[in-house]
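Please keep the sequence and the structure at hand while reading.

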Amino acid sequence: MMWSIPKLQPTRALKRIAVLTSGGDAPGMNAAVRAVVRTALERGIEVFGVQKGFSGLVQGKLEPMDRSSVANILHRGGTILKTDRCDEFRQPSVRRKVAEDLRARGIEALVVIGGDGSFTGAHLLEQETGLPVIGIPGTIDNDVYGTDETIGFDTAVNTALEAIDRIRDTATSHERTFLIEVMGRSAGFIAAAVGIAGGAEIVLLADSTMPLDAICATLKSSEERGKFSSLIVVAEGDDPNRTPNLTKALNERGFQARAAILGHIQRGGSPSGHDRVLASVLGASAVDHLLAGQSNVMVGISAGAIVSVPLAKVVGTKKPMSNDYIELATVLAT
Ligand code: F6P
């Protein structure tokens with residue numbers, strides 16, 4: 001987790017910036033806010049914290065932050081700035097008004113910590129009004145194009161694994177099949193990582209179409225080899241009945257199946273060391289990229305280095321995941 005950090009030369013002066021967190025909260029968001037605030041203050045820039053994401057921008061809920069505003073938050077989950085998903089911000093007239101208000105307060109740039117949806121709003125704000133923005137990827141789903149990692153993913157995977165290790169005890173003792181649903185409405189990065197690290201026999205991504213017959217055949221072949229307990233990791237997908245329905249279908253086929261839906265337990269909690277370092281490095285880099293004249297970009301990780309990627313490329317592009325991970329989970333668990 002030691003990424004190489006580019007040495008950037010400042011090309012512009014900034015007097016005042018604002019920072020917000022948006023979308024689903026993720027462990028490490030606080031560490032990112034702290035890094036933005038303290039790096040900016042160190043570079044002589046004032047920082048305003050926006051309450052509740054883009055909603056706070058619309059309602060003018062901004063407060064100046066100092067070094068002590070971010071004291072004692074590095075290890076805390078959630079986000080002290082609070083967060084939201086703001087439908088109003090989808091309207092161009094609202095974005096124009098927000099830019100005017102920010103400029104009236106002397107705010108020259110905006111740092112947005114969030115995922116793909118949040119970056120869409122930030123990208124439009126810059127495009128339409130010229131107000132410089134920079135994104136920091138923060139979501140447990142890891143589904144942001146242009147960065148290998150997002151803040152919160154590592155912690156969420158470890159939280160899910162803790163639960164899975166416990167469930168395995170019961171699965172083994174009762175010789176049962178457990179379906180464990182992890183978060184990821186449209187992505188399967190948590191499912192893939194947890195599947196490999198938790199020793200799952202089967203991993204079903206959000207868009208997996210593995211037929212029931214194939215799932216049953218995999219479980220049967222495990223039984224034939226003398227293994228009577230199995231774990232199936234299921235990404236939540238967009239059907240709330242996905243896991244209950246599959247559990248019912250497996251019971252009807254004669255398996256002893258039970259479901260465990262981990263839900264929002266994966267979103268909270270103290271960030272892992274990995275996420276704290278990632279958030280700190282990206283938060284500091286965001287400020288330095290702004291000072292180096294960059295705008296409408298996201299800072300992220302690629303091939304072991306901090307990079308900046310245009311938000312125009314990031315938003316709306318699906319981050320690819322190799323099917324090799326799913327095959328690997330199956331090979332290693334059998
Ligand atoms: O943070 C991302 C995510 O966890 C998705 O995996 C999930 O679909 C979504 O948030 C649910 O969030 P909420 O309950 O806040 O709408």
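In this predicted model, the buried residues of helix α5 pack against β6 (177-182), α6 (189-197), β8 (230-235), β9 (257-261) and α9 (273-291). The residues of α5 that are buried are F153, T155, A156, V157, A160, L161, I164, I167 and A171. In an α-helix there are 3.6 residues a turn, so residues three or four places apart point the same way. Helix α5 itself covers residues 153-174, and its 22 residues reach 31 Å from the first C-alpha to the last, which is close to the 32 Å expected at 1.5 Å a residue. Just after this helix, E175 takes a positive phi of about 50°.

**The ligand site**

Which residues surround the ligand? They are G24, R85, I140, D141, M183, G184, R185, E236, H264 and R267.

| Residue | Atom on the protein side | Distance to a ligand oxygen |
|---|---|---|
| G184 | backbone N or O atom | 3.0 Å |
| H264 | side-chain N or O atom | 2.8 Å |
| R267 | polar side-chain atom | 2.9 Å |

Taken alone, the ligand exposes 400 Å², and the protein buries 81% of that area.

**The two domains**

According to the domain assignment, domain 1 consists of 16-152 + 271-315, while domain 2 consists of 154-267. The contact between them takes 14 residues from domain 1 and 12 residues from domain 2, and their C-alpha centres lie 34 Å apart.

**Two loop residues**

E108 is found in the loop between α3 (92-104) and β4 (109-114). Although E108 and R16 are 92 residues apart in sequence, their C-alpha atoms are 5.9 Å apart in space. Not counting residues up to four places away in sequence, E108 touches L14, K15, R16 and P132, and its side chain reaches the backbone nitrogen of K15 at 2.5 Å. Does E108 count as buried or partly exposed? E108 counts as partly exposed because its relative accessibility is 29%, a value between the cut-offs of 20% and 50%.

N296, in turn, lies in the loop between α9 and β10 (297-302). Its relative accessibility is 13%, and therefore N296 counts as buried, the cut-off being under 20%. Leaving aside neighbours within four places in sequence, N296 is in contact with H123, E126, Q127, V133, P310 and L311.

Key. Residues numbered from 1 in each chain as written. Predicted model: local features only at pLDDT ≥ 70, side-chain atom pairs only at ≥ 80, totals over all residues. Heavy atoms only, no water. Helix = DSSP H or I, 4+ residues; strand = E, 2+ residues; numbered from the N terminus. Expected span 1.5 Å × (residues − 1). Buried < 20%, exposed > 50% of the residue type's maximum accessible area, 1.4 Å probe, protein only. Contact = heavy atoms within 4.5 Å. Near = heavy atom within 4 Å. Polar contact = N/O pair within 3.5 Å; in protein donor to acceptor, adjacent residues only side chain to side chain. Areas by Shrake-Rupley, 256 points an atom, 1.4 Å probe, with all protein chains shown as cover. Domains from an automatic or database assignment.
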